[in-house]
Amino acid sequence: MPGKQPIRAALTTAATKAGFDRSMTERSLRFTLTVMTPIVVTLFTGPENWLVYAMVSAIVAFAGDAGGRPLPRFAWMATGPLALSIGLMLGAAATGHLGAVFALSMGAGLAYGLVETAHPHLLLATRFFVFGIVLAGLVSAPVPVDYVAILVMLVFSWLVSLASDLQDGRWQPLTVPPAASIGISLKGSRGPRIAFALAVMLSIGAALSVSVLLGSLRPSWACLTVVLVMRSEVVSSLQLAVERVVGTLGGVIVAVAVANVGNHRMILIVMAIAAFVRWPAQQFHNALGVFCLTLFVLLMVELVAPDAHTAMLLLHERLTDTVIGAIAAAIGLAAFNLLQRRIGPVALPVREPGHEG
């Protein structure tokens with residue numbers, strides 16, 4: 001009917017503005033299928049600790065998808081899960097030795113700070129290397145089945161990605177320059193990079209210290225906040241910190257409401273919706289992307305928590321630890337400004353074109 005055409009055109013325009021073009025819709029469907037599959041598995045096996053490791057692996061593998069033919073695609077998707085696994089092994093080896101866990105975490109934060117201007121896959125690897133150390137060292141040391149879950153979800157994420165391309169009848173082009181596999185693009189002077197790396201290291205130490213002193217069950221959340229929001233561009237870093245706190249607050253409020261009034265089926269439906277709109281929401285505004293991911297993660301925590309009291313405690317701790325991480329990042333940025341004046345710029349050697357990620 002003629003009257004339906006303007007309505008359809010208006011809906012199409014609204015969906016496009018919201019980020020739901022064809023490419024984004026396919027991306028959202030792939031992400032939802034990837035992260036909801038292990039949730040569905042636990043409906044038959046019962047809640048298991050491996051779900052947390054599987055979920056983190058699925059998310060970082062998805063984030064590392066650079067397209068291309070099957071083998072190069074798998075290699076790039078494995079960047080995050082591999083770094084996570086190495087971090088978990090180191091953290092597990094240091095379990096029970098608080099000083100060693102702090103030293104490893106702060107050292108990994110130093111490494112992140114040094115490569116903060118480098119290729120995005122290297123940033124992904126260093127961030128989740130830090131997260132793995134803290135997760136294993138201060139939260140829960142993984143057992144062999146957890147590493148199996150990481151590998152299984154990496155392979156599953158890869159197969160879902162390939163299946164999406166097969167449906168279109170062509171491989172998506174590789175979005176990573178070939179030189180990125182052998183060279184690191186580092187921008188700026190060496191002095192500010194060193195200053196920033198020291199600031200990240202101090203921020204991680206401060207965030208972990210406060211979280212541990214407060215008896216946090218998941219100090220890894222505070223640490224992850226630091227490495228996700230800290231940038232050598234101070235203004236954008238502070239903006240990211242505020243947006244992360246706001247998005248987390250919204251996610252906690254909605255998660256608490258769903259957990260209190262919703263049944264098991266409603267929790268699964270809300271998780272699926274949050275997963276589906278996560279990427280378009282991220283494009284629209286970072287705080288909305290954080291909100292969706294926080295809601296998804298906290299409802300997952302609700303499913304695997306041993307009892308309702310622990311689940312509610314973790315929901316509130318997510319916000320507390322995020323605020324701790326954001327404040328620690330802000331203090332670190334202030335330290336960064338002071339350190340820059342002390343260290344001063346040191347020129348970098350000129351790199352060949354094509355090394356930038």
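**Exercise 1. In which handedness, left-handed or right-handed, does H6 pass H9?**

*Solution.* The model is predicted: local features require pLDDT of at least 70 and side-chain atom pairs pLDDT 80 or more, while totals for chains, interfaces and linings use all residues. Residues are numbered from 1 along each chain as its sequence is written, and side-chain values use heavy atoms, without hydrogens and water.

Step 1. Helices are DSSP runs of H or I with at least four residues, numbered from the N terminus. Helix H6 covers residues 98-114 and helix H9 covers residues 190-213.

Step 2. The two helices pack at an angle of about 145 degrees, and their axes are 7 Å apart. Axes are lines fitted to C-alpha atoms over the stretch in contact, with angles from 0 to 180 degrees between N-to-C directions.

Step 3. The crossing of H6 with H9 is right-handed. A crossing is right-handed if the near helix is turned clockwise from the far one by less than a right angle, and left-handed if anticlockwise.

Step 4. In contact (heavy atoms within 4.5 Å) are residues including Phe102 and Met106 of H6 and Phe196 and Leu208 of H9.

**Exercise 2. Determine the geometry of the aromatic pair Phe74 and Trp158.**

*Solution.* Step 1. Rings of Phe, Tyr and Trp (its six-membered ring) pair if their centres lie within 6.5 Å; planes under 30 degrees apart are stacked, over 60 edge-to-face, and the rest tilted. The structure holds 6 aromatic pairs.

Step 2. The ring centres of Phe74 and Trp158 are 5.2 Å apart and the planes stand at 75 degrees, so the pair is edge-to-face.

Step 3. Phe74 belongs to helix H4 and Trp158 to helix H8, 84 residues apart.

Step 4. Buried means under 20% relative accessible area, exposed over 50%, and partly exposed in between (1.4 Å probe, protein chains only). Phe74, at 24%, is therefore partly exposed, whereas Trp158, at 18%, is buried.

**Exercise 3. Describe the pair formed by Phe196 and Phe336.**

*Solution.* Step 1. This pair is edge-to-face, with 5.4 Å centre to centre and 75 degrees between the planes.

Step 2. Because Phe196 lies in helix H9 and Phe336 in helix H14, the pair ties together parts 140 residues apart in sequence.

Step 3. Phe196 is buried at a relative accessible area of 1%, and Phe336 is buried at 2%.
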